[in-house]
Amino acid sequence: MKPTNSANSAKNAKCTKAQTAPNTNAMTKALLSEQRLEMTKHLKDEFEPFVRLYILRLIVRYSDIDDFLEHKSRVLSFFEIDLDASAPNQMPNRSTKHTANYTPNHTPNSAPNQAPNSTPNHDICASESLMEHFAALLIRQERKPLPQTRLDHNLALLQDSLRLSHAQKEIVRLSIIIDRNILLADILERLSTHNKKEESILQICIMLNLPLKDAQDSVSKNSILSKSNFVNFRRNYNLVDALEPLDEHFSERMLVPQKSIEPLVSNAIIQAQDSSLSLNDYTHLQKQVAIIKAHLQSALLESAQGVNILLYGPPGTGKSELSRLLPQVLGARCFEVNFIDEDEDGEMLSSSRRIRAYNSAQNLLNTQKTILVFDEVEDILTTSKEGHQEGKAWFNNALETNNIPTIWITNNIRIIDDALIRRFDCVLKMGYPSKKRQKEILNSALAKLELELELDSRAREKFIKKYAKQKYLSPAIITRAIKVAISCKQAESSAESKMTRKATLKAESKAARDSMQDSASSLEILSRLINSTLKAQGNYIKPASKKDKKKRDDYTLPKHYSLAFVNCDENLESLAQGIARVKNARICLYGAPGTGKSAYGRYIAKLLGAPCVLKRASDLKSMWVGMTEKNIASAFKEARKKKAVLIFDEVDSFLHDRAGASRSWEISAVNEMLTQMESFDGVFIATTNLMENLDSASLRRFDYKCEFRYLSAKQSAKLFTKECVRLGIESSGKAVDSRILDKVCALRNITPGDFAAIARAHRFKAFKNAAELFTALKNEALLKKDTTNANRIGF
């Protein structure tokens with residue numbers, strides 16, 4: 001019986017079993033084995049001498065022959081050995097199990113009487129020991145020079161670039177051959193025992209004929225091979241799985257000779273494209289960018305270690321372009337850690353693969369004038385607690401030990417701990433440009449469009465004015481829209497050039513009209529592209545119509561506002577004049593809802609000629625720990641920047657008494673509020689409906705506290721009469737029925753806010769007379785819990 005037939009039968013039986021088994025994993029494993037076997041056939045001639053040498057060393061120097069019984073027919077077939085059919089089991093067992101004290105070049109039971117170069121006897125008699133025959137084969141194989149292969153060129157390239165030792169280079173070769181030879185891989189899996197770490201290292205020693213210490217040093221955590229991650233030695237795995245290549249297709253790329261090492265890691269790091277922007281596009285960040293540029297320049301000159309820059313902000317604000325622009329300006333090469341698997345139809349790389357890619361780049365490119373970019377940092381700081389801690393630990397180490405200056409980019413700064421943020425040399429927030437800067441960007445972008453098409457100046461200015469108001473319009477959106485618009489016009493011109501024109505335009509007026517139409521159509525294309533992107537992001541700001549502009553909003557004083565309809569013991573006019581004179585005050589306005597507290601704050605802003613920043617509790621409070629404090633700080637920062645009057649509505653919701661606080665974040669929010677109040681040099685007004693709930697320490701920090709009460713009977717009657725005239729229910733000069741006014745005076749819990757509510761209702765369900773208006777006002781009063789005004793609050 002031929003061993004080859006036996007091997008094929010075993011193979012076919014294995015495939016049949018895999019196909020009929022319901023276990024999907026088993027089927028997948030069998031399929032992969034078949035694919036690897038197919039690859040092995042194509043590479044048999046090239047790597048066969050290495051495989052023969054590795055297997056012979058394992059058989060003779062490492063293991064009992066019993067370990068090979070499962071693969072006996074395949075091994076014998078590989079070495080072209082025919083056993084005497086009459087004595088198939090004449091294979092003496094040996095007890096030469098491996099030990100930790102391995103010495104290279106030890107070949108037991110060799111065949112001294114056989115000439116080294118004699119032709120092997122393929123028909124072994126029953127009396128000859130199979131093990132002695134393998135020993136003789138090993139002697140002959142070791143005396144033969146190993147052939148050159150396609151691996152040699154790239155292995156030498158890798159050795160020179162990483163300064164690998166001879167042992168490390170051969171370990172890389174071994175990992176690739178194991179990956180591509182199913183017989184060797186199956187034998188190594190068969191030899192696996194419980195002590196896989198020591199066993200795997202010893203198998204490396206045996207196959208490569210290395211001293212134990214050389215093998216241990218070559219795969220240690222501190223070795224260049226491990227740090228570069230070209231071949232990662234995973235402990236507690238059998239050798240097949242322990243020698244993990246950079247990625248699944250690393251061995252394939254190693255078989256194609258390269259001029260440089262970059263193509264070998266093309267699935268891990270890629271050379272960045274040149275930026276389409278210039279430093280002039282970042283004038284709104286001019287000072288910060290200048291600092292980062294100078295720091296990177298110094299780091300490149302001095303080969304400084306641990307240089308890291310963090311860029312963060314919303315998508316589309318130019319972070320990636322800036323990360324490519326800085327190396328370009330400094331004359332350095334720029335590489336990016338890939339997050340797309342180029343060999344797997346564009347699938348996203350896992351966080352562990354990206355970490356390995358970063359490690360490879362740090363060791364591979366450390367002798368060159370290079371800057372590395374790691375985008376989408378949040379990928380390695382996963383949401384799971386275990387994964388987050390693992391990513392954080394690696395991140396912490398990476399920020400201290402990197403040889404290549406690295407620019408890190410994220411859209412979500414919240415996912416990075418404060419302890420990590422302070423380890424960066426420079427941290428730059430990249431927000432949306434100011435309105436002035438937006439106009440400059442639009443002007444520059446339209447200049448590119450004018451290279452292809454002349455634009456009408458009026459249409460151009462109108463377009464710039466319109467889109468300068470779009471707060472969330474980023475340079476990236478504009479650049480891409482311009483690119484598409486130019487492409488559309490080029491396609492249109494190309495189509496026209498292929499057509500035979502039968503007539504030419506003669507009238508100059510007609511030519512001018514056509515030019516304006518072309519200009520309008522180009523800007524219309526641009527508008528559609530920009531609008532669709534902003535709407536998809538949820539950032540499109542709809543231009544206000546004439547009707548919308550007439551509407552009152554939170555930042556504008558109501559048109560009919562009057563201090564005459566505010567019931568307060570203080571002289572509010574005098575108070576406002578005093579605040580306008582000193583331009584620095586902390587005022588607390590308290591009282592029932594709708595009594596005009598927030599409106600008085602807007603009144604003060606109007607008197608000062610200053611803008612108004614109004615924040616409600618919903619704008620400031622957050623479910624995330626620490627975010628309420630950040631929102632409070634941001635509100636004060638915004639008011640400082642705009643030199644605005646800052647109004648906090650419903651301040652009691654987060655400025656409550658700390659004595660009753662049960663959670664740490666409740667206390668920290670109050671502390672942050674008090675700190676910001678003390679350092680604020682503008683006008684700050686806080687309003688509350690629940691004065692008794694405020695923290696006692698916060699009350700002391702207010703310069704003035706003022707109570708707003710329900711309208712008096714006289715104020716209610718006067719305001720009711722005024723509203724009847726304003727809404728067209730009664731004509732000016734005509735008195736309202738005194739009986740209705742008496743009923744209005746009897747309502748004791750009326751506020752200016754109630755009149756505003758019924759005025760809004762009048763828009764879609766008009767009141768016919770004063771009686772209907774009173775009924776609506778009465779219903780508003782009945783909805784309130786406090787109908788007697790008995791429980792007043794105050795000092």
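Let's start in the middle of things: the largest nonpolar core has 92 residues, and the ones touching the most other members are Phe134, Ile204 and Trp408. Helix H3, spanning residues 44-61, gives this core its largest share, with 10 residues. Domain 1 (148-263) and domain 2 (269-429) each put in at least three residues as well. Keep in mind while looking around that this is a predicted model.

Which residues does Trp408 contact once its neighbours within four places in sequence are left aside? The list is Asn308, Ile309, Leu310, Leu311, Tyr358, Phe374, Val377, Trp394, Phe395, Ala398, Leu399 and Phe424.

**The whole protein**

Stepping back, the protein has 33 helices and 17 strands. It runs to 795 residues, and 46% of them count as buried. Take the contacts between residues at least 6 apart in sequence: 78% of these join residues that are at least 24 apart.

The average pLDDT over the protein is 76, and 73% of the residues reach at least 70. Strand S6 (residues 308-312) has the highest confidence, at 94, while helix H1 (residues 3-20) has the lowest, with a mean of 36. Residues 1-33 stay under 50 in pLDDT, and the model gives them 19 contacts beyond four places in sequence. Another stretch, residues 85-101, is also below 50, with 31 contacts beyond near neighbours in sequence.

Now look at helix H20, residues 457-467, where the buried residues are Arg460, Phe463, Ile464 and Tyr467. Why do these buried residues line one face of H20? Seen down the helix axis, they fall within an arc of 95°, so they sit along one face. The face turned away from that buried side carries exposed residues: Arg458, Lys462 and Lys465.

Thr370 belongs to strand S10, residues 370-374. Is Thr370 buried or exposed? Its relative accessibility is 1%, so Thr370 counts as buried, the cut-off being under 20%. Leaving out residues up to four places away in sequence, Thr370 touches Leu300, Arg333, Phe335, Leu365, Ile404 and Pro405.

Ala686 is in strand S16, residues 683-688. Ala686 is buried too, because its relative accessible area is 0%. Not counting residues up to four places away in sequence, Ala686 touches Ile587, Cys588, Leu589, Phe648, Val651 and Phe702. Ala686 and Lys615 are 71 residues apart along the chain, yet 9.8 Å separates their C-alpha atoms.

Which side chain does the side chain of Lys615 meet in a polar contact? The partner is Glu638, at 3.3 Å. Beyond residues up to four places away in sequence, Lys615 touches Leu620, Ala635, Glu638, Ile647, Phe648 and Asp649.

**Two loop residues with positive phi**

Lys643 isn't a glycine, but its phi is positive. Glu650, also a residue other than glycine, has a positive phi as well. Lys643 is in the loop between helix H27 (627-642) and strand S15 (645-648), whereas Glu650 lies in the loop between S15 and helix H28 (664-679). Lys643 counts as exposed, and Glu650 is partly exposed. Here are their values:

| Residue | Phi | Relative accessibility |
|---|---|---|
| Lys643 | about 55° | 70%, exposed |
| Glu650 | near 55° | 35%, partly exposed |

Notes: Residues are numbered from 1 along each chain as its sequence is written. This is a predicted model: local features need pLDDT of at least 70, side-chain atom pairs count only at pLDDT 80 or more; totals for chains, interfaces and linings use all residues. Side-chain values use heavy atoms; hydrogens and water are left out. A nonpolar core is a set of buried Ala, Val, Leu, Ile, Met, Phe, Trp, Tyr and Cys residues joined through side-chain atoms within 4.5 Å. Buried means under 20% relative accessible area, exposed over 50%, partly exposed in between (1.4 Å probe, protein chains only). Helices (H or I, at least four residues) and strands (E, at least two) are DSSP runs, numbered from the N terminus. Domain bounds come from an automatic or database domain assignment. Contact means heavy atoms within 4.5 Å. pLDDT is the predictor's confidence in each residue, from 0 to 100. The arc is that of the directions from the helix axis to the C-beta atoms. A polar contact is a pair of N or O atoms within 3.5 Å; within protein, one must be able to donate a hydrogen and the other to accept it, and residues adjacent in sequence count only if both atoms are side-chain atoms.
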